[in-house]
Each structure stands twice: as structure tokens, then as C-alpha cells.
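Hello,

Here is the structure I said I would pass on. My notes on the contact between its chains follow below.

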Amino acid sequence: MARLSPFKGKHHQSEEMALQITSMADIFVIILVFLLKSYATGATVSPAAGMTLPQAQAGDQSVEAVKVEVTRDAVQVDGLPVVKLKDFAFEATDVQQNGVSTALSKALELQRKRQVQIAQANSSVKVDARILVMSDQKTPYSTLKSVLASAATNGYTDFKLAVVRGD
Amino acid sequence: MSAGTLPGLGGKGQQSQDFELNITSIIDTFTVLITFMLASASFLSIGLLDAGITAGGESASAAQPPSVNVEISLAKDQGIIVKLTGKVTQTLTVPAKDGKWDFDGLSHNLAGVKSRFTDVTSATLVAENTIEYKEIIRAMEMTRKTLPYVLLGGF
């Protein structure tokens, strides 16, 4: 390193500076190991923006299934909004007498047909009755019933209700 | 980082064998990795509760029905009603405690039912339309401690 100092000294001491970064490397290794350990692989479930899931003690198994999200303004199927809600309520014209939402049922029927087509083409794939329901904690039971009824009429009868794991 | 003089390597010259390991590039790599992982990590721990419904399904179940059917109803006044039908017809009421749901009382009542009818493993949960989802989940959680299979009803 060239001598940078403008100060004049009597002795020609070396002014090379070695930054001690060993401890920093140690910290980085620990952080990296922690992050790698807690890093989720495979199917990850994350709630939509503005959604607060209820808290409960539950298993942490992850599933590959059709995902239905119920927020204050809409119902989404696999991330795509299919029904508009008004303060968690379906529009009266959308709900049939048996509680099934026409628009949601149509979207789930499409998903079901897709599953059946894949199962027909590939014998190792089976039609799955599982459905992942992510609903805001303030959702009234009437809306939840409509969602579950719409899913059940299309063959989705094994419900997996997503919650935030608590104590 | 430095290391002392290595033994056994005799040399004629008195050259210093101290060396410095250059870990700057490793630090750079770690920084990039940590930044990426922090940005993509989810610190919310999501769990899944199994539930079924009392209606729907493609085929009828061949399972033997239990000696009593247990139906749990959540009312608007935060009272809980446990109805037993089958061998015994009985209604147990769990009133609100300090204006809140008494889920401990529910759990106590269900434990009593389970001790009388050991073959009972499931319960049907029904709620009024305005009851919020978080209360349904709380009730499910408490019921599952005694009866592991919870079906949602009221369709």
C-alpha cells in the first residue's frame, strides 16, 4: 500500500491496516445456519395481504391442495379473485338457496376438472379431496358455510383450515 | 487470521510462515445469501386444522355410527349448548362466563361425555351466522382435545 498519510513522522512505520473480520464471519455463519434451518422448502402457505388468521394449536404439515382465501373484500382461489365480498358477505344474488356461491362453485369446478384431466392422463396422480381454506379471523360463519358448501359440491370435502400456530 | 510456524518443515532460511487467510469473498457471499434469505423468509408459523362437514361428499361412509351423536352449538349470547342424541338424549348448557365463551366449561362437559361413551370420537360444531371464524376455531381447538374429529354443520 502506498504511503497515504500527509503527516510527517520521524519513523517510517508501516501504515497498512488489516481489518479483523474473523468474528464477523463467525456471526454470519451462525445467522446463515439459523436461516437455512428455518427456511421452508416445498409448499409454503402465506396469507393474503391484510388477512389475519386465527390462532390455534395445530400441526405444521404442509399440503399441496387448492387454496381458497377469504378476505374482507374477496374470495380468491389459488391467488385469483373469483368473488367479490362486501364486508365479508356474499352478494345476495350470488348465493343459491342451499348456500352455495355460484361464482365460487364455478371456479372450484374448473379446478376440479383440471385435476380430473391430470389424473386421467397420469395414473400416478389421484383426484384430491383436500382443500386449503385460509380465512380472516373476523369472517362470519355464514360466509364460511357458503365457501365450504361450494367446495363440498365440487368434491372437496377434506378441509384444511389454516391457522397461526400459537401456544 | 494468522497461524504459527508449522513444525517439521525445516528450511534453511528464517522466513516467516505466518499467513493471512483472505475471507473477504466469503463474507461477500454470506452477505448476499443472508440478504436473500431474510427477504424471502416467512416468520409466520402456519398450522392446519382438519375439518369435515356434515353434508356433501361423493360417497356414503360405511363407518359404524357411535352410540351418541354430539352436537355443539355456539349461540349469539356466547353460550354453548351440547346436545346428545342416540342412546341418550340430553342437552348440556355452558353459559357465558364474565361475558365470554366458557371453552373450559365446554371441555369439561365433553370430557364427561367421553367418559360415559368411550366410542364417541367426533362432534358436530354448529354456530349462528354472525359468529366469527376465530371463535369457531377456538371451539374446534377445545373440542379436539377430547373428541379428535370435528365436523362443521348447519348447512
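How many salt bridges does the rule find across the interface of chain B and chain A? It finds one, where a salt bridge is a side-chain nitrogen of Lys or Arg within 4 Å of a carboxyl oxygen of Asp or Glu. The side chains that form a salt bridge are those of D50(B) and K160(A), at 2.4 Å from N to O.

This is a predicted model, in which local features need pLDDT of at least 70, side-chain atom pairs count only at pLDDT 80 or more, and totals for chains, interfaces and linings use all residues. Residues are numbered from 1 along each chain as its sequence is written, chains are lettered from A and ligands numbered from 1 in the order in which they are written, and side-chain values use heavy atoms, with hydrogens and water left out.

In chain B, 44 residues are in contact with 50 residues of chain A (contact: heavy atoms within 4.5 Å). The two chains bury about 4,200 Å² between them, and carbon and sulfur atoms give 67% of that; buried area is the accessible area (1.4 Å probe) that two parts lose on being put together, summed over both. M37(B), L48(B) and Y133(B) supply 20% of the area that chain B buries against chain A, more than any other three residues.

Strand β6 of chain A (residues 158-165) pairs with β1(B) in the antiparallel sense over six bridges. Strands are DSSP runs of E, at least two residues, numbered from the N terminus, and two of them pair if DSSP finds at least two bridges between them. Opposite G47(B) in β1(B) stands V163(A).

Regards

Methods. Helix = DSSP H or I, 4+ residues; strand = E, 2+ residues; numbered from the N terminus.
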